[in-house]
Amino acid sequence: MKCPRCVQKIHRAAGGCPHCGFTLADAEGWFGGMELNLRCLADTAGLLRYGERERVEAALDQFKRRFPQLFVAIYTTTLGEVDALRPFGFWLLNRASFEALPPGTSKAAGILLTIDPESKAAGITFGYLLDPFLEEADTFDCLARAHSHWLEGRYADGMLKALAQLSWVLRKRCRQARRNPARFERKVRPPNPGAERIPPREAPRPASHPPAAHQEEGPP
Amino acid sequence: MKRLWWLALAAWLPGTLLPARNPSPPPPVRARDHKQADPVAEPPAALVLTDESEAIPPPPEFEKPDTGELVGKPPAAATICEKDLRAYFEARPKTYLIDPQQLLDPQAARDEMDFLKSHADDATIDLFIYVFDRNQEIPGDVRKEELIERFFASGRPALIVYYYLGAPEQSALYLSPSLTDVVSATEQQRTLQSAVRHAIGKTSPQEQLLAFSSHLASRIYWMERLLGDAAGGGDHDLKSAQARAAKLAKKPTSPGEKWARLRPLAEEIAVPGLLLASLLAAAAGLSGWLRWRATYQFPEFAVEPRLGGDHAAGVGAVITFASAALPPAAQCEQVAECWHRN
């Protein structure tokens with residue numbers, strides 16, 4: 001588990017980053033504190049054409065059918081900085097409400113793929129439900145599969161590739177969890193209550209933070 | 001009585017004394033009047049045996065017989081007529097002896113045919129013999145090698161001989177394409193020369209042909225025995241050659257032949273094969289459909305929130321695709337961009 005801002009390892013129940021003091025409140029300070037309503041495919045940067053949008057939406061539906069607990073959201077925006085991508089994903093997944101999700105779907109079961117065509121970067125953020133099952137390397141593999149497509153500007157193809165890889169990884173993890181759930185439970189077991197916690201430091205404000213996303217994509 | 005005794009003694013004395021000087025019996029003496037009475041009936045050579053020194057009269061002149069009066073066949077023409085040429089070279093022969101000019105006597109042809117047929121029944125390599133007359137030549141426009149390659153490309157392997165009746169030394173030996181690659185030219189030449197030597201030892205052309213073909217058959221039989229002697233550590237080249245020849249012989253050339261060979265097998269396995277294929281296809285389809293329909297449920301564990309996020313704090317990877325010079329492999333280590341800048 002890493003801090004979205006400084007990408008340093010943090011404790012599994014850290015209230016704030018022990019290295020940079022980052023919390024969700026800092027992200028709200030940068031990107032806004034209101035609630036957002038978003039579709040699962042929100043192409044605010046205008047990267048997808050009509051046909052491509054349908055293909056991606058079909059892939060998202062298939063993912064939902066295959067993993068009824070989970071959902072994937074794709075958000076394209078212009079942040080301008082690669083470093084802002086992780087805090088933005090963290091903020092959006094906690095703040096946004098996603099439409100057309102089956103009733104009972106928790107936001108903790110979400111996976112958010114954020115693409116910034118300006119800084120030419122993409123990142124993945126996921127909810128607590130997937131904390132024991134997804135690792136940084138898994139998400140890196142998904143993005144690596146899409147890299148060549150995005151390099152050529154074929155964003156839809158890259159999204160489909162990333163989704164396919166993500167689906168494959170999750171199927172594998174699901175089978176492993178069915179066979180040995182204790183292995184995954186150990187990863188998220190609450191820490192020893194007697195252990196001393198490191199108090200978070202006050203997070204410094206970034207020199208030039210990206211524009212708030214809600215200003216670009218308002219609630220539909 | 002005494003007179004008779006002296007006469008007998010006089011007649012006996014020359015007979016007893018002469019053998020002492022010349023042991024051979026005296027030649028018979030023929031009376032001149034008898035010779036003159038029937039000069040035609042007596043052979044002239046008999047006159048030499050007489051002690052008469054008269055000149056031998058020349059033999060009487062006889063009229064030459066007509067062609068129709070001659071016993072046997074007239075010599076064949078030097079050129080082969082068009083009809084016979086077609087019979088020789090138009091198609092693959094249906095019999096093992098090809099003699100459209102009927103140069104062989106019917107009995108000799110039957111014997112030879114029976115021999116070649118019995119050889120074909122026993123051996124795996126057939127023997128075809130084209131019979132020509134000794135003074136005949138195959139026209140230059142007949143491309144023998146090409147015809148043999150065309151006619152004998154399919155079916156059983158075969159030895160083909162162009163045999164010149166009465167002149168076995170002119171014979172030519174060819175092999176079907178399935179054998180040309182596996183029997184060396186030296187071996188072919190040796191086989192032909194050996195058969196010619198055996199044929200030359202006979203006097204009549206029919207006997208020569210029979211000796212020639214029987215020797216060739218024995219050479220074929222010997223070759224097959226050698227090739228089939230696998231356990232005895234025989235010639236590996238020959239063994240592999242036979243295997244290849246058999247394989248080539250078995251190989252059907254036309255789709256029709258291939259289908260005719262496979263049809264009984266196909267009819268036999270069609271129903272169970274189709275059933276099995278249908279079952280496999282159904283199983284594969286069902287498996288694919290089940291996989292496609294499968295849903296995955298993760299166990300849910302209690303996760304303590306961190307960094308103030310109520311729903312998510314799982315930070316995955318970030319990758320940049322700004323330049324092809326920075327591939328994903330160079331971005332494995334996930335650190336903040338500010339660290340890169342520093």
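How many residues does the contact take from chain A and from chain B? It takes 60 residues from chain A and 34 residues from chain B, where two residues are in contact if their C-beta atoms, placed from the backbone, lie within 7 Å. This is a predicted model, in which local features need pLDDT of at least 70, side-chain atom pairs count only at pLDDT 80 or more, and totals for chains, interfaces and linings use all residues. Residues are numbered from 1 along each chain as its sequence is written, with chains lettered from A and ligands numbered from 1 in the order in which they are written.

**View 1. The side of chain A that touches chain B.** Helix 4 of chain A supplies the largest share of this side, eight residues. Helices (H or I, at least four residues) and strands (E, at least two) are DSSP runs, numbered from the N terminus.

View 2. B:Gly314 is the bridge partner of A:Phe126.

**View 3. The largest nonpolar core.** This core has 76 residues, and A:Val72, A:Ala73, A:Ile74 and A:Leu143 have the most contacts inside it. A nonpolar core is a set of buried Ala, Val, Leu, Ile, Met, Phe, Trp, Tyr and Cys residues joined through C-beta atoms within 7 Å; a buried residue has 20 or more other C-beta atoms within 10 Å of its own. Helix 5 of chain A gives the most, nine residues.

**View 4. A second core.** This separate core of 36 residues includes B:Phe132, B:Tyr164, B:Leu192 and B:Ile220.

Key
Two strands pair if DSSP finds at least two bridges between them. A residue is buried if 20 or more other C-beta atoms lie within 10 Å of its own, exposed if 12 or fewer, and partly exposed in between; C-beta atoms are placed from the backbone.
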